[in-house]
Amino acid sequence: MPPKGKQGTKGQKQIAEENKSTLLFYIYIISAVNALYYCVWFIFYLDDFTLGPKFLSGLSALIYFGSYKFMSSMAKTVYQNGQLIDAGIDLNMEAGMAEHSKDLLLLTAITQALSLLSGYFWLFLLLAPVRAFYVLWVNILGPWFFAPAEEEKVDEKKQKKMERKMKRQQIVR
């Protein structure tokens with residue numbers, strides 16, 4: 001059961017330490033998946049390492065680099081005279097931009113590892129643009145398209161005239 005009351009806030013030092021450990025965790029994931037992937041390819045499938053797998057592993061490397069660089073730039077700390085001034089954005093904050101970057105990084109790692117079983121698993125990378133469009137639709141496009149139209153402002157004179165007209169129609173019926 002979650003604790004009752006207001007959620008406690010984190011200090012700058014705690015955010016900086018958690019961001020550092022989060023980035024280190026994702027470096028370990030990237031390193032482990034790439035080590036596994038290239039060892040298996042070079043030991044068992046060296047002759048089959050053609051343009052397709054090279055291109056897709058290069059694409060995954062670009063995704064890793066972009067996601068990690070984005071997260072590290074969000075978590076950039078600022079020190080002045082040895083004092084921590086700003087710890088950056090909390091990477092472990094729920095529903096933040098870093099969450100999407102972590103999801104993309106994990107999707108790429110899982111896809112790259114599963115691609116050792118079959119090349120068709122690379123198709124899982126197509127889930128990233130699908131999810132991006134879904135998030136864009138739910139947060140921006142959908143509310144914009146289906147927003148109720150603004151009502152025209154009617155001055156008091158016209159409003160009273162319309163009310164009298166409605167009353168007359170009700171009396172006639």
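**Exercise 1.** Find which residues of the largest nonpolar core touch the most other members.

*Solution.* A nonpolar core is a set of buried Ala, Val, Leu, Ile, Met, Phe, Trp, Tyr and Cys residues joined through side-chain atoms within 4.5 Å; buried means under 20% relative accessible area with a 1.4 Å probe, protein chains only. Among the 13 residues of the largest such core, Tyr64, Met71, Leu91 and Leu105 touch the most other members. Next, the elements: helix 1 (12-44), helix 2 (51-74) and helix 3 each give two or more residues to this core, and helix 1 gives the most, five. Helices are DSSP runs of H or I with at least four residues, strands runs of E with at least two, numbered from the N terminus.

This is a predicted model, in which local features need pLDDT of at least 70 and side-chain atom pairs count only at pLDDT 80 or more, while totals for chains, interfaces and linings use all residues. Residues are numbered from 1 along each chain as its sequence is written, and side-chain values use heavy atoms, without hydrogens and water.

**Exercise 2.** List the contacts of Leu91, leaving aside neighbours within four places in sequence.

*Solution.* Contact means heavy atoms within 4.5 Å. By that criterion Leu91 meets Asn19, Thr22, Leu23, Met71, Met74, Ala75, Ala98 and Lys102.

**Exercise 3.** Give the order of the elements, then compare the radius of gyration with the globule rule.

*Solution.* From the N terminus the order is α-α-β-β-α-α-α. The radius of gyration, taken over C-alpha atoms, is set against 2.2 Å times the number of residues to the power 0.38. For 173 residues the rule gives 16 Å, and the protein has 27 Å, so it is more spread out than a compact globule.

Key: Buried means under 20% relative accessible area, exposed over 50%, partly exposed in between (1.4 Å probe, protein chains only).
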